[in-house]
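Student: I would like to learn how to read the sheets and the core of a protein model. Where do we start?

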Amino acid sequence: MRIYPFFSSSSGNCTYIGDREHGLLIDCGVSYTRVKNALEKAQIPMTAVRAVLITHEHSDHIYGLKMLTRKTAIPVYARRATLDYLANKGCILSEAHDIEEETEIDGFHITAIPTMHDAVSPCAYRIERDGKNCAVCTDLGTVTSPVEEALRGVRTILLEANYDCDMLIHGLYPYELKERISSYDGHLSNTQSAEFAVYLVKNGTEQIISGHLSQNNNTPGCAREEITQTLLKNGLEEGKDYMYKAAEPENDFYFNW
Ligand SMILES: [Zn+2]
Ligand SMILES: [Zn+2]
């Protein structure tokens with residue numbers, strides 16, 4: 001099984017988890033055409049996509065959902081309040097399924113993990129198959145104990161590293177927006193992400209992809225520097241204790257999990 005962070009930034013998110021026969025999309029925050037092209041480039045047929053799981057209703061996670069469900073009839077899974085919100089906005093034109101805490105889709109065992117973020121019912125997803133697992137955890141302002149608990153021991157994770165604190169403070173965003181991003185229900189900074197990464201690697205995580213980087217307040221280099229250096233200060237070495245990659249807004253790399 002692989003995890004492909006096809007699109008990952010504040011302007012559009014879509015991750016594929018699976019292989020060429022079956023898999024899941026997590027979020028559809030870019031146009032249907034861009035998702036279709038990314039799958040084609042990775043030689044994954046659209047028919048392999050068994051479901052699209054939505055983390056929350058912000059446009060960088062659902063922008064292409066309406067067209068995806070119109071063109072392909074791929075079923076949508078999300079937590080109840082998110083589904084209701086999206087259905088009311090007319091964004092779902094295929095079957096919609098309420099994802100409670102745990103759901104089984106075509107051999108994938110999925111756990112929805114509630115997160116602290118300013119959306120109706122946001123969550124992260126942990127996915128298991130054949131005794132292996134991975135997770136997608138973006139859009140959270142705070143790493144709560146239930147999030148820590150649910151992600152402990154996950155082998156591979158796409159983890160948010162949204163902003164570099166200095167870039168956000170000294171950047172051009174209005175004060176209110178800076179406050180929103182850095183609040184308890186906003187986004188994770190590189191510093192917060194690094195602290196959580198230490199906990200994760202100490203508890204068995206072997207592969208980390210930093211994702212959902214802000215294009216105005218972060219760079220893959222900044223995220224990498226802070227996260228790998230923090231891990232190193234805690235005795236954890238890249239290439240030996242864990243593998244690391246910071247996602248660009250658009251990617252064609254993948255990790256096996
Ligand atoms: Zn969001
Ligand atoms: Zn987002």
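Tutor: This is a predicted model. Start with one pair of strands: strand β5 (residues 76–78) and β6 run parallel and are joined over three bridges.

Student: Which residue in β6 is the bridge partner of Val 76?

Tutor: Ala 96 is the bridge partner of Val 76. Helix α4 (residues 80–88) packs on the sheet there and touches β5 and β6. The direction of α4 makes about 155° with that of β6.

Student: What holds strands together in general, and what is the strand order of the sheet with β6?

Tutor: Strands of a sheet pair through backbone hydrogen bonds, in either the parallel or the antiparallel sense. Here seven strands form an open sheet, ordered β6-β5-β4-β3-β2-β1-β14, and the pairing is mixed. The edges are β6 (96–98) and β14 (255–256); each has a single partner strand, so one side of each lacks a neighbour in the sheet.

Student: What does an antiparallel pair look like in this model?

Tutor: Take strand β7 (residues 102–105) and strand β8 (residues 108–114), which pair in the antiparallel sense over four bridges. Thr 103 stands opposite Ile 110 in β8. The two strands form a hairpin with two residues between them, and Asp 106 in the turn has a positive phi of about 45°.

Student: Which strands make up the open sheet that contains β7 and β8?

Tutor: Seven strands do, in the order β7-β8-β9-β10-β11-β12-β13, again with mixed pairing. At its edges are β7 and β13 (243–246), each with a single partner strand, so one side of each has no neighbour in the sheet. From one strand to the next the twist averages 20°.

Student: How many bridges join β12 and β13?

Tutor: Strand β12 (residues 207–211) and β13 pair in the parallel sense over four bridges, and Ser 210 stands opposite Ala 246 in β13. Helix α9 (residues 220–233) packs on the sheet, touching β12 and β13, with its direction at about 150° to that of β13. Helix α8 lies across β11 (156–160) and β12 and runs at about 160° to β11.

Student: And the core: which of its residues touch the most other members?

Tutor: In soluble globular proteins, nonpolar side chains tend to be buried together. The largest nonpolar core here has 73 residues, and those touching the most other members are Leu 53, Tyr 125, Ala 135, Cys 137, Ile 157 and Ala 197. Helix α8 (residues 190–202) gives the most to this core, with five residues.

Student: What is Ile 157 in contact with, leaving aside neighbours within four places in sequence?

Tutor: Ile 157 is then in contact with Cys 134, Ala 135, Cys 137, Leu 151, Leu 200, Thr 205 and Ile 208.

Terms used:
Residues numbered from 1 in each chain as written. Chains lettered and ligands numbered in written order. Predicted model: local features only at pLDDT ≥ 70, side-chain atom pairs only at ≥ 80, totals over all residues. Pairing = 2+ DSSP bridges. Contact = placed C-beta atoms within 7 Å. Axes fitted to C-alpha atoms, helices over the stretch in contact; angles between N-to-C directions. Core = buried A, V, L, I, M, F, W, Y, C linked by C-beta atoms within 7 Å. Buried ≥ 20, exposed ≤ 12 C-beta atoms within 10 Å, placed from the backbone.
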